[in-house]
Amino acid sequence: MNGWTRVLKLAKGPHTPFIARSLLRLLWDGEQAVLFRERFYPSKISKKHQEALNAMAKEKAAALGVPLVSLDKKGLTHDRPLMALGGPAPFDYSDGWGGLNVGGKYTIVGARYIE
């Protein structure tokens, strides 16, 4: 229900199970919108699949004109906390925040730019 969340997925075809996926969330850092890439599923995917998902995320960030960040352990630190401002859904689940959140408002700290 929350329009700021989208799925990136890799699959062999339109009607086949996904090989790998990640969620993108459009969040606010107090000054600008920021595209946040959640962790990869499954957590152990090939470097090739990680690069493909990151390439799709970079394209979306460029199209929106916003920075792309994640909680990956590499890249320059994004200094401001990322905020989900809530929406029509009664709850939201975010791995970046740490789980289920009632009300859909939460803050993610420690994001880094995806290079």
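This is a predicted model: local features need pLDDT of at least 70, side-chain atom pairs count only at pLDDT 80 or more; totals for chains, interfaces and linings use all residues.

Author: One term to begin with: a nonpolar core is a set of buried Ala, Val, Leu, Ile, Met, Phe, Trp, Tyr and Cys residues joined through side-chain atoms within 4.5 Å. Buried means under 20% relative accessible area, exposed means over 50%, and partly exposed is in between (1.4 Å probe, protein chains only).

Reader: Okay. Which residues touch the most other members of the largest nonpolar core?
Author: Leu35, Leu53 and Leu68 do, in a core of 13 residues. β1 (5-11), β2 (18-28) and α1 (47-64) are the elements that each give two or more residues to this core. The top giver is α1, with three residues. Helices (H or I, at least four residues) and strands (E, at least two) are DSSP runs, numbered from the N terminus.

Reader: What does Leu35 touch?
Author: Leaving out residues up to four places away in sequence, Leu35 touches Leu24, Arg25, Leu26, Ala57, Lys60, Ala61, Leu64, Val66, Pro67, Leu68 and Val69. Contact means heavy atoms within 4.5 Å.

Reader: Which residues does the second core include?
Author: Val34, Phe36, Tyr106 and Ala111 are among its nine residues, and this core is separate.

Reader: Back to Arg25. Is it buried or exposed?
Author: Arg25 is buried, because its relative accessible area is 2%. Arg25 sits in strand β2. Its side chain makes a polar contact with the side chain of Glu38, at 2.6 Å. A polar contact is a pair of N or O atoms within 3.5 Å; within protein, one must be able to donate a hydrogen and the other to accept it, and residues adjacent in sequence count only if both atoms are side-chain atoms.

Reader: Charges next. How many salt bridges are there?
Author: The count is six. A salt bridge here is a side-chain nitrogen of Lys or Arg within 4 Å of a carboxyl oxygen of Asp or Glu.

Reader: Which residue does Arg80 pair with?
Author: Asp29 is one partner, at 2.8 Å, N to O. Arg80 is in the loop between β4 (68-70) and β5 (82-85), while Asp29 is in the loop between β2 and β3 (33-37), so the pair links distant parts of the chain, 51 residues apart. Asp29 is buried at 3%, and Arg80 is partly exposed at 28%.

Reader: And Glu31?
Author: Glu31 also forms a salt bridge with Arg80, with the closest N and O atoms 3.7 Å apart. Glu31 is exposed, at 59% relative accessible area.

Reader: What about Arg39?
Author: Arg39 forms a salt bridge with Asp95, the closest N and O atoms being 3.4 Å apart. Arg39 lies in the loop between β3 and α1 and Asp95 in the loop between β6 and β7, so this pair ties together parts 56 residues apart in sequence. Arg39 is partly exposed at 38%, and so is Asp95 at 24%.

Reader: Which residues are joined into one network?
Author: Asp29, Glu31 and Arg80, through salt bridges that share partners.

Reader: New topic: the surface. Which residues make the nonpolar patch?
Author: Phe91, Tyr93, Leu100 and Val102 make it, with about 460 Å². β6 (91-94) and β7 (99-102) each give two or more residues. Patches are made of residues with over 30% relative accessible area and no salt bridge: like charges are joined within 9 Å, nonpolar side chains (Val, Leu, Ile, Met, Phe, Trp, Tyr) within 5 Å. Areas come from the Shrake-Rupley method with a 1.4 Å probe; for residues, only the protein chains shown count as cover.

Reader: Is Val102 buried or exposed?
Author: Val102 is exposed, since its relative accessible area is 72%.

Reader: Last one. Which peptide bond is cis?
Author: The one from Tyr41 to Pro42, with omega near -10°. Pro42 is in the loop between β3 and α1.

How values were computed
Residues are numbered from 1 along each chain as its sequence is written. Side-chain values use heavy atoms; hydrogens and water are left out.
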